[in-house]
Amino acid sequence: MSKRYDVIGSGILLCLSIVLLLLLINSDNIHSKPVNQSHKFALYELSGTGQKWDVEGYKVMITDTKVQRGSARLRYKDEPRKIDQSNYINVVIIEDQEEVFQSVKTSTNGPVSILTVTSDSGSIESSISEYNQRPERSNVENTQIKISWTDSKGKLHQETVDLHINYEYSG
């Protein structure tokens, strides 16, 4: 009976040794990759200040297969009563002079509550393809948000806020 356990134990040790050897060989290949290889993804967070609006937390995440943009918080800097009866707000994201995202809120039977809908401007995700190229950092650096809104009296206003990169990560 002990010879049987010796054979089984030896077989298990042999298998473990082979697995460890393969892991060591593969770990050498992992560590020998060039340091300057292209990044698999990049994440940028941007903000900006305008005359009437502050923009915080706008994010752009770029991978090899998709781009996700959005999640900005807009903060109105004037008196809330000036827009609490507004029935229209339009937010357009412009990246390197190209519109990449738009969010419109409108109402005909009362206000759209601009002060609550601006806590998250929404987001959009698109695939990387031959028609939709992978944006570079230089594209993201040149991002603006154009905000159009009506005030409580129905007058249309517009402001463009230039954004700057607060945080970036590549991995």
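Where is Leu 163 found? Leu 163 sits in the loop between E9 and strand E10 (164–170), with helices (H or I, at least four residues) and strands (E, at least two) taken as DSSP runs and numbered from the N terminus. The structure is a predicted model, in which local features need pLDDT of at least 70 and side-chain atom pairs count only at pLDDT 80 or more, while totals for chains, interfaces and linings use all residues. Residues are numbered from 1 along each chain as its sequence is written, and side-chain values use heavy atoms, with hydrogens and water left out.

As for the overall layout, the protein chain holds three helices and ten strands. Read from the N terminus on, the elements go α-β-β-β-β-β-β-α-β-α-β-β-β. Of the 171 residues in the protein chain, 30% are buried; buried means under 20% relative accessible area, exposed means over 50%, and partly exposed is in between (1.4 Å probe, protein chains only). Contact means heavy atoms within 4.5 Å. Among contacts in the protein chain between residues at least 6 apart in sequence, 61% bring together residues at least 24 apart.

The protein chain averages a pLDDT of 77, and 66% of the residues score at least 70. Confidence is lowest in helix H1 (residues 2–31), with a mean of 52, and highest in strand E9 (residues 156–162), at 97. Over residues 28–36, pLDDT stays under 50, and the model has zero contacts beyond four places in sequence for that stretch.

Back to Leu 163, which counts as buried because its relative accessibility is 6%. Setting aside neighbours within four places in sequence, Leu 163 is in contact with Leu 46, Ser 47, Gly 48, Val 55, Tyr 58, Glu 141, Thr 143 and Ile 145.

Next come the aromatic rings. A pair of such rings is described by the distance of the centres and the angle of the planes. Here, rings of Phe, Tyr and Trp (its six-membered ring) pair if their centres lie within 6.5 Å, and planes under 30 degrees apart count as stacked, over 60 as edge-to-face and the rest as tilted. A search of the whole structure turns up four aromatic pairs. In one of them, the rings of Trp 53 and Trp 149 have centres 5.4 Å apart and planes at 80 degrees, so this pair is edge-to-face. The pair ties together distant parts of the chain, with Trp 53 in strand E2 (residues 53–63) and Trp 149 in strand E8 (residues 143–150), 96 residues apart. Trp 53 is buried, with a relative accessible area of 0%, and Trp 149 counts as buried at 3%.

Which residues make up the aromatic cluster? Trp 53, Tyr 76 and Trp 149 form one cluster together. Tyr 76 has its place in strand E4 (residues 73–76) and counts as buried because its relative accessibility is 12%. Tyr 76 and Trp 53 are 23 residues apart in sequence and 4.7 Å apart in space, C-alpha to C-alpha.

Tyr 76 and Trp 149 turn up again in the lining of the second largest pocket, along with Lys 52, Asp 78, Arg 81, Lys 82, Ile 83, Asp 151, Ser 152, Lys 153 and His 157. On a 1 Å grid over the protein atoms alone, a pocket is an open set of points where a 1.4 Å probe fits, with protein on both sides within 12 Å along at least five of seven lines, and lining residues have an atom within 4 Å of a point. The volume of the second largest pocket is about 160 Å³, counted as the space filled by probe spheres set on the points. Its lining divides into three nonpolar, two polar and six charged residues; Ala, Val, Leu, Ile, Met, Phe, Trp, Tyr, Cys and Pro count as nonpolar, Asp, Glu, Lys and Arg as charged, and the others, Gly among them, as polar.

Finally, there is the loop between strand E5 (88–95) and strand E6 (98–106), where Asp 96 has its place. Asp 96 has a positive phi of about 55 degrees although it is not a glycine, and Asp 96 is partly exposed, at 37% relative accessible area. Gln 97 is found in the loop between E5 and E6, and its phi is near 65 degrees, a positive value in a residue other than glycine. Gln 97 is exposed, with a relative accessible area of 80%.

Methods:
pLDDT = per-residue confidence, 0-100.
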